[in-house]
Amino acid sequence: MIDEVSNGVTPLKDFAVKLYEVAQNYDTLVYETWRLRPDMAKKMVGNDFQPAQLIGMIRLMGWVSGVTIKSLAPSVKSTGRKVMPDILRERLSASTEEHDKDALDLLSYYWWDRYV
């Protein structure tokens with residue numbers, strides 16, 4: 001049962017530094033996969049690919065700390081929304097930012113897939 005949730009949107013550097021400090025306190029780090037699609041390639045010219053950078057940081061923190069790393073495809077978010085427990089649904093209704101909602105959807109899916 002999920003009994004405590006903290007979520008929100010944090011600038012990349014602040015998030016990465018904080019995760020570095022606390023990664024070993026978790027048993028699993030879950031992240032959404034990101035892949036450059038052919039239909040987006042030209043639009044992404046010059047982009048510094050921060051999602052890919054963050055995924056690399058998360059993976060490194062998992063490797064160094066010995067924490068399990070789990071990647072989830074974006075497609076599981078719709079299932080996460082359908083099976084979402086009330087504690088996450090309450091957070092979702094208070095969120096106004098899509099990345100925050102995505103994180104809750106992914107957490108819901110991971111919890112449901114792993115424990116239900």
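**Group meeting: a loop, a helix and a pocket**

Okay, let's start with Leu36: leaving aside neighbours within four places in sequence, Leu36 is in contact with Ala41, Met44 and Phe49, where contact means heavy atoms within 4.5 Å. Before I go on, this is a predicted model, so to speak of local features we need pLDDT of at least 70, side-chain atom pairs count only at pLDDT 80 or more, and totals for chains, interfaces and linings use all residues. Residues are numbered from 1 along each chain as its sequence is written, and side-chain values use heavy atoms, with hydrogens and water left out.

Back to Leu36. You'll find Leu36 in the loop between β1 and α2; helices here are DSSP runs of H or I with at least four residues, strands are runs of E with at least two, and both are numbered from the N terminus. Leu36 is partly exposed, at 41% relative accessible area. On that scale, buried is under 20%, exposed is over 50% and partly exposed is in between, with a 1.4 Å probe and protein chains only.

Phe49 is partly exposed, with a relative accessible area of 25%.

Now helix α1, residues 12-22. Which of its residues are buried? They are Ala16, Leu19 and Val22. Seen down the axis, the buried residues of α1 fall within an arc of 140°, so they line one face of the helix; the arc is taken from the directions from the helix axis to the C-beta atoms. Turned away from that buried side you get the exposed residues Lys13 and Tyr20. And what does the buried side of α1 pack against? That would be β1 (28-32) and α2 (50-65).

That takes us to the largest nonpolar core, which has nine residues: Ala16, Leu19, Ala23, Leu29, Tyr31, Ile55, Ile58, Met61 and Val67. By nonpolar core I mean a set of buried Ala, Val, Leu, Ile, Met, Phe, Trp, Tyr and Cys residues joined through side-chain atoms within 4.5 Å. At least two residues come from each of α1, β1 and α2, and α2 gives the most, with three. A second, separate core has six residues, including Ile2, Val5, Met84 and Leu104.

Last, the largest pocket. A pocket is an open set of points on a 1 Å grid over the protein atoms alone, where a 1.4 Å probe fits, with protein on both sides within 12 Å along at least five of seven lines; lining residues have an atom within 4 Å of a point. Its volume is about 2,000 Å³, that being the space filled by probe spheres set on the points, which are joined across faces, edges and corners. The elements giving two or more residues to its lining are α1, β1, α2 and α5 (98-115), and the largest share, eleven residues, comes from α5. In total 43 residues line the largest pocket, with Gly8, Phe15, Val30, Ile58 and Ala103 nearest its centre.

One more residue: Val9, in the segment before α1, is exposed at 53% relative accessible area. Setting aside neighbours within four places in sequence, Val9 is in contact with Glu97 and Asp100.
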